[in-house]
Amino acid sequence: MGFRVIKTAAATLLSVLVASAVGIPNAQSAGLLAILGVEVTLKRSFRTITARFLASLVGLFFGCILFWLLGFHYWVLGLYVLVGFPMIVKSGYKEGIVTSSVIVFRVFGQAELSLHVLLQQIELLAIGLGSAGLVNLIYMPQTGGVIYGIRKEVDRYFSVIFTQMARTLRDPAYIWDGKELIDADNTVQRGLTAATREMENHVIHPDEAWNVYFYMRKEQLESIQSMMQLLSQVYRHLPHGEMVAELFDQLSGDVLAEEYTGRTEHLLDELTREFEEMDLPETREEFEVRSAILQLCRELALYLKIAKRHKIPVSYKPEKRLKIRNKA
């Protein structure tokens, strides 16, 4: 049983009990409004509740005009749906179409237009949607630990990818299926979804640190895909490839660290200077392979630049607020 089901049950029961206690007829309608108001995040909950409340007021106003002009007939309900729904959508409150219908149909059921009936519907709205908002406010699950686990999963995929790239440089005949690239991309997407949900649960001071981290990884994945294209052009073993493979071995460990170490960047700078002092290629084949390796180093430098752009990685501590720092 999910936490949203539990919250929905609590909000439904609370709204029906309150509506019954204040003497509203057919108090179960408050439970239906509460069901419609429960959401998975605080921000989405406030937005939805506001939209449903305002849409219900628009629908109630339009419905009362129709009932006053045309009377309480079934075909008037059809006319309300035909004209009222587009009006609510144009007002920008399309999330509240069902909620407004509940209120308008209650007025039709009572077949009476009076100030008492109208205030009763507004009171019902406040109780039903208010109960949903209250339950959402009282409990929202803490997902920091889940997001941290996703982050570690992404880091492990990156580590495996760099290890496989190093192996390919040492042995161009080695065949790697690249499955970890797909898995890493899917995991980053899961992380972005969870991070957005976590941010929406902090309405006043939302923390975007997790979003920054996963967007960084998404950008780095694009850089890795460019590296893979260059890696496919290294079809011959050269000492230069062996030297770059050591960089990726270093990076496969650095990416698991809790902070940006800069070790790979330092080694890359040294290797670049060393390449500049080497003799020129003697054959076309060597030129092509060495050219691909040099471009691979430049793409690796871009990857590291992305990491340096975001200074703070993420460190999860249950008793404290999340601290976010960046890694390789």
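**Salt bridges and buried positions in the predicted model**

At 29% relative accessibility, Arg236 counts as partly exposed, a class lying between buried (under 20% relative accessible area) and exposed (over 50%), with a 1.4 Å probe and protein chains only. The model is predicted, so that local features need pLDDT of at least 70 and side-chain atom pairs count only at pLDDT 80 or more, while totals for chains, interfaces and linings use all residues. Residues are numbered from 1 along each chain as its sequence is written, and side-chain values use heavy atoms, with hydrogens and water left out.

Arg236 forms a salt bridge with Glu285, their closest N and O atoms being 3.1 Å apart; the term denotes a side-chain nitrogen of Lys or Arg within 4 Å of a carboxyl oxygen of Asp or Glu. Because Arg236 lies in the loop between α9 and α10 (239-254) and Glu285 in helix α12 (residues 284-309), the pair ties together parts 49 residues apart in sequence. Helices are DSSP runs (H or I, at least four residues), and strands (E) have at least two, numbered from the N terminus. Glu285 is likewise partly exposed, at 38% relative accessibility.

By this rule the count comes to nine salt bridges. Another one joins Arg217 to Asp155, with the closest N and O atoms 3.2 Å apart; since Arg217 belongs to helix α9 (residues 209-231) and Asp155 to helix α7 (residues 144-170), parts 62 residues apart in sequence are tied together. Arg217 is buried at 0% relative accessibility, and Asp155 is buried at 0%.
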